[in-house]
Amino acid sequence: DTINMDFLAGILAAMLYQRMSDRAGIPQWIMMLASVIYFVAAVGWLYKPFGELGNNHTSIMTLPCLLIFLSGLKLSKVKKINYSGWLLFTGEISYSLYLLHMAVIFSVIELLKTLYGNNYFNVFSHRFNLIWISLGITFLLSRVYYSLIEVRLSRWLKIKIFHFLNL
């Protein structure tokens with residue numbers, strides 16, 4: 001099962017991160033660069049503008065995503081990185097992004113097919129527009145979902161659990 005593969009890859013990344021040193025030699029820098037190149041090549045192969053390759057997203061992308069993630073972890077240990085506000089914001093709403101992105105994508109697809117016909121996505125630029133429209137809507141809804149549900153529910157649960165445990 002590909003979801004279990006992703007889960008195991010995450011566990012492996014956590015174990016490797018704990019054992020990483022805070023220095024990087026030439027082999028580590030080459031590995032980080034190679035993982036970025038491999039990731040870009042895998043994304044380019046999977047999302048060719050002239051057709052779909054089926055639903056093999058997770059099975060193809062697990063290794064490149066793991067490598068790019070491990071490279072980022074290593075880089076963060078080697079070099080102090082100042083993260084932009086936009087990246088930190090995306091990290092805050094990441095769970096909401098995860099929960100909502102597919103619902104938004106499928107809703108936008110159905111809306112555009114209803115408005116413009118079933119052949120609307122036969123043109124590559126329309127697929128490209130789908131990415132940007134879905135991304136914008138997903139970020140907006142994720143921000144609202146994070147603020148109204150995640151934060152408030154977390155506070156409420158914390159209060160209830162602490163009260164239940166008499167802490």
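1. Basis. The model is predicted: local features need pLDDT of at least 70, side-chain atom pairs count only at pLDDT 80 or more, and totals for chains, interfaces and linings use all residues. Residues are numbered from 1 along each chain as its sequence is written, and side-chain values use heavy atoms, with hydrogens and water left out.

2. Thr 138. Helix α6 (residues 124–164) holds Thr 138; helices are DSSP runs of H or I with at least four residues, numbered from the N terminus. The relative accessible area of Thr 138 is 5%, so this residue is buried (under 20%; exposed is over 50% and partly exposed in between, with a 1.4 Å probe and protein chains only). Apart from neighbours within four places in sequence, Thr 138 has contacts (heavy atoms within 4.5 Å) with Leu 97, His 101 and Val 104.

3. Ring pairs. Rings of Phe, Tyr and Trp (its six-membered ring) pair if their centres lie within 6.5 Å; planes under 30 degrees apart are stacked, over 60 edge-to-face and the rest tilted. The count by this rule is 8 aromatic pairs. Trp 86 and Phe 89 are a tilted pair because their planes are at 35°, with ring centres 5.5 Å apart. Both residues lie in helix α4 (residues 85–92), 3 residues apart, about one turn of the helix. Trp 86 is exposed, at 56% relative accessibility. Ring pairs also link Trp 86 and Phe 89 with Phe 139 into a cluster.

4. Tyr 120 and Phe 121. What is the geometry of the pair formed by Tyr 120 and Phe 121? Their planes are at 80° and their centres 5.1 Å apart, so the pair is edge-to-face. Tyr 120 is buried at 15% relative accessibility, and Phe 121 is buried at 12%.

How values were computed: Helices (H or I, at least four residues) and strands (E, at least two) are DSSP runs, numbered from the N terminus.
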